[in-house]
Amino acid sequence: MTQTIEDIITCFRREGWCIQKARESYWVLQPPGLFSYKMFLLTYNPFTNKFQIVKPPNRDRHYDMAVKILEE
């Protein structure tokens, strides 16, 4: 694994996202400038040894933005 969760949290906070631990391997991401109705889940996948964002049913630009930040 190349990134630690601390590195990922730092990247998202630098971009203005709110991030909060939800469960053992889950973190809640909220895009900047929005109220709390839009959230994404960040999870650790032990099979691929990577962090990933759970794809929402209706893909939007905030999901694409979150994936881009995670890939940096």
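**Notebook: confidence, sheet, aromatics, cysteines**

I began with confidence: the protein chain has a mean pLDDT of 85, with 93% of its residues at 70 or more. pLDDT is the predictor's confidence in each residue, on a scale from 0 to 100. This is a predicted model; I take local features only at pLDDT of at least 70 and side-chain atom pairs only at 80 or more, while totals for chains, interfaces and linings use all residues. Residues are numbered from 1 along each chain as its sequence is written, and side-chain values use heavy atoms, leaving out hydrogens and water. I keep one caution in mind: where pLDDT is low, the predicted coordinates should not be read in detail.

**Sheet**

I looked up the elements next. Helices (H or I, at least four residues) and strands (E, at least two) are DSSP runs, numbered from the N terminus. Two strands pair if DSSP finds at least two bridges between them. I find an open sheet of four strands, ordered E1-E2-E3-E4, with antiparallel pairing. E1 (18–23) and E4 (50–53) stand at the edges; each has a single partner strand, so one side of each is left without a neighbour in the sheet. Neighbouring strands are turned by 30° against each other on average, direction ignored.

I then checked E1 against E2 (residues 26–30): they run antiparallel and are joined by five bridges. Ile19 has Leu29 in E2 as its bridge partner.

Helix H2 (residues 61–71) lies across E3 (40–45) and E4, and runs at about 165° to E4. For such angles, axes are lines fitted to C-alpha atoms, for helices over the stretch in contact, and the range is 0 to 180 degrees between N-to-C directions.

**Phe12**

I moved on to Phe12, in helix H1 (residues 5–14). Phe12 has a relative accessible area of 1% and is buried. My scale: buried is under 20% relative accessible area, exposed over 50%, partly exposed in between (1.4 Å probe, protein chains only). Leaving out residues up to four places away in sequence, I see Phe12 touch Trp17, Leu29, Ile53, Ala66, Ile69 and Leu70. Contact here means heavy atoms within 4.5 Å. I also checked Arg61: 49 residues from Phe12 in sequence, with 15 Å between the C-alpha atoms.

**Aromatic pairs**

I count five aromatic pairs. Rings of Phe, Tyr and Trp (its six-membered ring) pair if their centres lie within 6.5 Å; planes under 30 degrees apart are stacked, over 60 edge-to-face, the rest tilted. Phe12 and Trp17 have ring centres 5.4 Å apart and planes at 75°, so I log this pair as edge-to-face. Trp17 is buried at 3%. Phe40 and Tyr63 have ring centres 6.4 Å apart and planes at 45°, so this pair is tilted. The pair links distant parts of the chain, Phe40 in E3 and Tyr63 in H2, 23 residues apart. Phe40 is buried at 4% relative accessibility, and Tyr63 is buried at 10%. I note that Phe12, Trp17, Phe40 and Tyr63 form one aromatic cluster.

**Cysteines**

Last, I looked for disulfides, meaning cysteine sulfur atoms within 2.5 Å of each other. The count is zero. From the sulfur of Cys11, the closest cysteine sulfur is in Cys18, 16 Å away and too far for a bond. Cys11 is buried, at 14%, whereas Cys18 is partly exposed, at 46%.
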